[in-house]
Amino acid sequence: MRVDRNREDAVIAAVAKHLFIDGKWVDAADGATFDVADPATGAPLCSVADATPADGRAALDAAVAAQPDFAATPPRARADMLMGAFELLHERIDELALLMTLEMGKPLPDARGEISYAAEFLRHFAEEATRIDGGYQTAPGGGARFLITRQPVGPCLLITPWNFPMAMGTRKLGPAIAAGCTSVIKPAHQTPLSMLALIGILDEVGLPAGAVNCVTAMDSGAVMEPLIRSGAARKLSFTGSTRVGRLLLEQCAAEVLRTSLELGGNAPFLVFADADLDEAVEGALAAKMRNMGQACTAANRFYVHTSVIDEFARRLADRMAALPIGPGTRAGVAVGPLIDQAALTKVQALVDDAVGRGARVLTGGAPAGGAGYFYPPTVLTDVAPEARMTAEEIFGPVAALTAFESEDDAIAAANATEYGLVGYVFTNDLRRALRVAEALETGMVGLNQGVVSNPAAPFGGVKQSGLGREGGAVGIDEFLETKYIGVALP
């Protein structure tokens, strides 16, 4: 049954619906707002402030003004703020998870998992804040010393997507705060409530005014492009589509902004003849169905050895067909709605295209119907290489299966894409596992596992899946500049 409606209303009411600029919650300059919808029903949940370009500039001005003092804040103090936020996320996990489910649709257990995952970025970067290092070196020719220090990049612009509305916020704000960078963050218009809740928590733990500013807006480009081109910001970190990432990279070029771009994916999932099929099916469910397939790390193309594809397809279809579908607030639901009508329309168009080119539907294949944006878990086999879904990110609960004959064929098919975020490999042959993992043109590889994301590991891709890495020991490097100081020592 559905969570108590009064509790839902209370959770939404508890979140500020304003912009957060220079330590204050404020309305948009023109008083405009936009609605946030529940994807399980399509009905509005609430309205939030719709920032103007002037609001964006006020937020960046606040970040610029706060930068010198925030950079001078002791690392331990910044670490303590992050740890305080980590603790509050766990204390309020039920309320935050419900808020996320209402605005984004993922089932409550998954939403709780994301809050825990998001919190780990805060703890991880709290620890990294006190480990920012430097160096001291004698000049090779003598007579001088090299001092190496690392300093904050400066005011940052952070843009986050709708599919992981809390975790993508902490994955960017965690290292920015740890490094001593101020920021302006703009969440996706579909899911601003989780970010506003996070900003409220950061304010509560004592982050100084101007250190973090948040603008919500329907028209991201109108608000953020002037900030990118202003010359006042020194870094952009963006997670979203490759199409938008290319545009932002062009905008950043004029002012030579440091950029971190985590863009689209088209993850191959390779199942070899010697794989443990039980393990492979479990891995496929994890890699495909996380967030209803709405993840850049989602397995997009399944290449399965011809000797096991029929058995793998049958097992996967049986498991996916049994997954309960419904509103994420309902107990027992495993598959919530897609984010909006555009997402639903795109998934159906990709399925229709594949079927039109000869693919067979083993389960699913058509929208669930009724209110909300529900699409059933779908398994297609005999998907042609020319099908759109082999080149485009599906971003939905659709597994597209194709047979392969040889290891070389599998690697060639896996690499035949402009993307290179993650790949998955299932085999019990250690030598093959290492060969294939090294041959895949991806930034990450899951060997006999369907989930690779971990705050302590570097996350990012190659080719048109992005630039830079988030998380891990290197995640804070994206927010630091290296400075060399030469000291004469006659």
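This is a predicted model: local features need pLDDT of at least 70, side-chain atom pairs count only at pLDDT 80 or more; totals for chains, interfaces and linings use all residues.
Thr-390 sits in the loop between β15 (378-381) and β16 (398-404). Its side chain reaches the backbone oxygen of Pro-385 at 2.8 Å. Setting aside residues up to four places away in sequence, Thr-390 touches Asn-266, Arg-301, Val-383, Ala-384 and Pro-385.

Not counting residues up to four places away in sequence, Met-389 touches Asn-266, Asn-300, Arg-301, Leu-350, Val-351, Ala-354, Leu-380, Val-383, Ile-394, Val-398 and Ala-400. Met-389 also belongs to the largest nonpolar core, which has 120 residues. Within that core, the members that touch the most other members are Leu-89, Leu-173, Phe-269, Phe-312, Leu-316 and Met-389. Which helix gives the most to this core? Helix α5 (residues 108-129) does, with 11 residues. Apart from this core lies another, of 27 residues, and among its members are Ala-59, Leu-157, Val-184 and Val-215.

In α1, Glu-8, Val-11 and Ile-12 are buried. Seen down the helix axis, these buried residues fall within an arc of 95°, so they line one face of α1. On the other side of α1, Asn-6 and Ala-13 are exposed. What covers the buried residues of α1? The cover includes β4 (44-49) and α4 (93-104). At the start of the helix there is one more detail to find: a side-chain oxygen of Asp-4 comes to within 3.0 Å of the backbone nitrogen of Asn-6.

Val-436 is buried, with a relative accessible area of 0%. Leaving aside neighbours within four places in sequence, Val-436 is in contact with Leu-270, Phe-272, Glu-407, Ile-411 and Val-425. Take Glu-407 from that list: it is 29 residues from Val-436 along the chain, and the C-alpha atoms of the two are separated by 8.0 Å.

So far we have followed atoms; next come the spaces between them. Rolling a probe the size of a water molecule over the atoms shows where empty space is left. The count comes to four cavities of 30 Å³ or more, and the largest cavity holds about 60 Å³ of space. Its lining is made of Ala-286, Ala-287, Arg-290, Ala-295, Thr-297, Ala-298, Tyr-424, Gly-450, Val-451, Val-452 and Ser-453.

Finally, look for the largest pocket, with about 1,300 Å³ of space. Of the 49 residues that line this pocket, Trp-162, Gly-240, Ser-241, Arg-243 and Val-244 are the closest to its centre. The elements giving two or more residues to the lining are α6 (167-179), α8 (220-229), β10 (235-239), α9 (242-253) and α12 (341-356). Which of the elements gives the most to the lining of the largest pocket? That is α9, with six residues.

How values were computed:
Residues are numbered from 1 along each chain as its sequence is written. Side-chain values use heavy atoms; hydrogens and water are left out. Buried means under 20% relative accessible area, exposed over 50%, partly exposed in between (1.4 Å probe, protein chains only). Helices (H or I, at least four residues) and strands (E, at least two) are DSSP runs, numbered from the N terminus. The arc is that of the directions from the helix axis to the C-beta atoms. Contact means heavy atoms within 4.5 Å. A polar contact is a pair of N or O atoms within 3.5 Å; within protein, one must be able to donate a hydrogen and the other to accept it, and residues adjacent in sequence count only if both atoms are side-chain atoms. A nonpolar core is a set of buried Ala, Val, Leu, Ile, Met, Phe, Trp, Tyr and Cys residues joined through side-chain atoms within 4.5 Å. On a 1 Å grid over the protein atoms alone, a cavity is a set of points where a 1.4 Å probe fits but cannot get out, and a pocket is an open set with protein on both sides within 12 Å along at least five of seven lines; lining residues have an atom within 4 Å of a point. Grid points are joined across faces, edges and corners, and a volume is the space filled by probe spheres set on the points.
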